[in-house]
Amino acid sequence: MWTFGRKIAAGFMLAFLLLLGIGAVAYRSITSLTNANQLITHTYKVLEDVAEVLSLLKDAESGQRGYIITGDDTFLEPYQAGVAGVPAVIKDLRELTSDNPHQQKRIDEAEPLIAAKVAELKLTIDLRRKGSLDETTKVVRGGEGKKIMDNLRRIMSQMDREERDLLKLRADEVGAVASGAKSTIVFGTVLCLLFVTAAGLLITRSLSGQIGAAVQHVQSSSAELQSAANQQASGAKESSTAMTEINTTISELLATSRQIAESAQRVSHVAEETSSAVRAGDQTVQKTHDSVNGIKRQVDLIVTHMLDLGKKSQQIGGILEIINELAEQTNILAINATIEASGAGDAGKRFGVVADEIRKLADRVGGSTKEIRLLIEEIRAAVNTTVMATEGGSKAVDLGARQFAEVTAALKQITELLGTTTEAAREIELSTKQQATAVAQVNGAVSDIAKASKETEVSANQTLQTAGQLAGLSRELTRLIQAPANA
Amino acid sequence: MTEPLAIASRAVELRSVFDRERAIPLSTRAIEQVAGLLSIRVSGDPYAIRVSEISGLANDRKVVAFPSSIPELLGVAGIRGGLVSVYSLAALLGYGREADQARWLILCEAEEPVGLAFSAFEGYLRVPVTQVYATNQRDAARAHVKHVLRTADLVCAVVSIPDILELIKRRCDNSRPAKER
């Protein structure tokens, strides 16, 4: 799409070219007219010289006749002036007609005649001066002079006619050139006017449309700019408020960082004290670990003895079963003996008494074996409980030993970690101090930002005013390029 | 747990009792009417059996199952060189066959030797006959219980072995074919 300047430049360029064409045509016409005028002037000069030649010869003839008649030398002045002026005129005429061979030929014909005429005039004047009037009259009457003059008049007349023909021809050429120049100027001017008018209308219409669209864009942009400026102003205000809050928060952060640095310093001291305490605890734990290992060996021994005791109890139980079985069988035998004795009547009474005593003994043995079984069961239960408790204790001791090993490893790790903690606490202290410095710098930067936010708020308000002015200018520009609808 | 001192004193007491009983002459012993009873358990219930009504006691004898129309008959066992028909005392008393193995046998003398199997034997009792009371119930299901033993720490029914043997006899007679009777 062409820009405004390009369109206007194109319009002016076309108009300039038209004017240049018209000027060139006019210049060429004027040049032709000037050349034609020069040629006409030249023709008039030739005509004047032709007439001058005849006039000088006539003046010389007139002076010759006056002198012949009067014999007074004063009448010879025209003769002398004419004879003296003719060569210069002939020379001028020859130069003026140098481009015309016809005229040069006629001048070649005229020059001997002029010389003969001048010689005839001189002859007659010489004769009169000698006092021979008759001779003089005789020469004049001979008509030679008249004949020469007639020829000269004929030649001059031919030259005059040719020059007048040339004059007419050149006058016609001048008329044609002048008419062409006039037509060119008139039509070119009209064409130029029409073109300039059309170009003006087109450019005006195009510029009105484009400028109108641009102005509408400017109006909408102004509205958006106003909206954006409003948002920017409110945002800058909020930013300013937020920056104030941030400033307060950073101040608190600065105080907190200093407290952290102090706390880190205290942590470092505490870690060093803890490290020495852990080293002491490590030695104690090592001693305790040795004691626990001794306990573990004792417990293992107890477990072995208790297991042996359990096995022995089981063996006792087996033997007791045998005794119980024997007692039961004895009891059965005694009962059967009692039955047999009672079946034997009086003879079996004594035997019955013995059998009864045996049965009682078997009963008592059975009762005792029951008690022993109960005791063995209690012993076995106690042994089992003791073994389980001892195994639990052994496991606890194992666990304790492992835990002591873990505690020892943990204490070593704690010692290493405490070293790391001390270093870390020192690094935290240094970092926190650096952080406090950085926070102070950030605080300053935030203050600058807060100032910048306030300045932004002010500039946003100014932008808002400028956007309003721009909107007003757009409306005025719209009014300028668009006629009112009801106009 | 019994203390060792108490055990020692008990041993002394037992020894003195044994020596005293051995020292008493048989003729001077108190003539007291006592009854010899076996204390047993059938299906968990306590019972007593008169020693005078049986011919022997045995345990852990192998009982070979014997096909029979008498449901109470468990089989036969070899005791003292002869075959003995073994019946379930619990079944005869109306409990049905005991779930536990009846490892005890009382031997009875009838037309044929009979064994009555039961699960638990608790001991031999010598009690005054005054502690054995007759019952006056007429319940057909309890026809074999005609006496009750009541002591300071025990109350139980006394099974009448002759009645049990009679019951077995009736069952055997009923199971025989009519021509054989």
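Student: How many residues sit between E7(B) and E8(B) in their hairpin?
Tutor: The hairpin of E7(B) and E8(B) has 5 residues between the two strands. This is a predicted model, in which local features need pLDDT of at least 70, side-chain atom pairs count only at pLDDT 80 or more, and totals for chains, interfaces and linings use all residues. Residues are numbered from 1 along each chain as its sequence is written, chains are lettered from A and ligands numbered from 1 in the order in which they are written, and side-chain values use heavy atoms, with hydrogens and water left out.

Student: Where are those strands, and how do they pair?
Tutor: E7 covers residues 104–108 of chain B and pairs with E8(B) in the antiparallel sense over 5 bridges. Strands are DSSP E runs of at least two residues, helices are H or I runs of at least four, and both are numbered from the N terminus. Two strands pair if DSSP finds at least two bridges between them. The bridge partner of Leu105(B) in E8(B) is Ala117(B).

Student: Which strand is joined to E8(B) in parallel?
Tutor: Strand E6 (residues 82–88) of chain B runs parallel to E8(B), joined by 4 bridges. Val86(B) has Gly115(B) as its bridge partner there.

Student: Is E8(B) mostly covered or mostly open?
Tutor: Mostly covered: 5 of the 5 residues in E8(B), residues 114–118, are buried. Buried means under 20% relative accessible area, exposed over 50%, and partly exposed in between (1.4 Å probe, protein chains only).

Student: What is on each face of E8(B)?
Tutor: Val114(B), Leu116(B) and Phe118(B) are on one side, Gly115(B) and Ala117(B) on the other, and all are buried. In a regular strand, side chains alternate between the two faces of the sheet.

Student: What does Leu116(B) touch?
Tutor: Leaving out residues up to four places away in sequence, its contacts include Tyr87(B), Trp104(B), Ile161(B), Ile164(B) and Ile168(B). Contact means heavy atoms within 4.5 Å. Leu116(B) and Leu38(B) touch the most other members of the largest nonpolar core, which has 35 residues. Such a core is a set of buried Ala, Val, Leu, Ile, Met, Phe, Trp, Tyr and Cys residues joined through side-chain atoms within 4.5 Å.

Student: Which element gives the most to that core?
Tutor: Helix H3 of chain B (residues 161–175), with 6 residues. H3(B) lies across E6, E7 and E8 of chain B, at about 110° to E8(B). Axes are lines fitted to C-alpha atoms, for helices over the stretch in contact, and angles run from 0 to 180 degrees between N-to-C directions.

Student: What's the strand order of the sheet with E8(B)?
Tutor: The order is E3-E7-E8-E6-E5-E4 (chain B), an open sheet of 6 strands with mixed pairing. Strands E3 (56–59) and E4 (64–65) of chain B stand at the edges with a single partner strand each, so one side of each is left without a neighbour in the sheet. Helix H5 of chain A (residues 144–343) packs on this sheet, touching E3 and E7 of chain B, and its direction makes about 160° with that of E3(B).

Student: OK, the chain contact. How many residues, and what area?
Tutor: 24 residues of chain B are in contact with 23 residues of chain A. The buried area is about 2,100 Å², with carbon and sulfur atoms giving 55%. Buried area is the accessible area (1.4 Å probe) that two parts lose on being put together, summed over both.

Student: How many salt bridges between chain B and chain A?
Tutor: The count is 3. One of the salt bridges in the model joins Glu340(A) and Arg80(B), with the closest N and O atoms 3.9 Å apart. A salt bridge is a side-chain nitrogen of Lys or Arg within 4 Å of a carboxyl oxygen of Asp or Glu.

Student: Switching to chain A. How many helices and strands?
Tutor: Chain A has 6 helices and 0 strands. Of its 487 residues, 30% count as buried.

Student: Thr422(A): buried or exposed?
Tutor: Thr422(A) counts as buried, at 8% relative accessibility. Its place is in helix H6 (residues 349–481) of chain A. Thr422(A) touches Ser268(A), Ala271(A) and Glu272(A), residues up to four places away in sequence not being counted.

Student: And Lys130(A), buried or exposed?
Tutor: Lys130(A) is exposed, with a relative accessible area of 70%. Lys130(A) is found in the loop between helix H3 (101–129) and helix H4 (133–141) of chain A.
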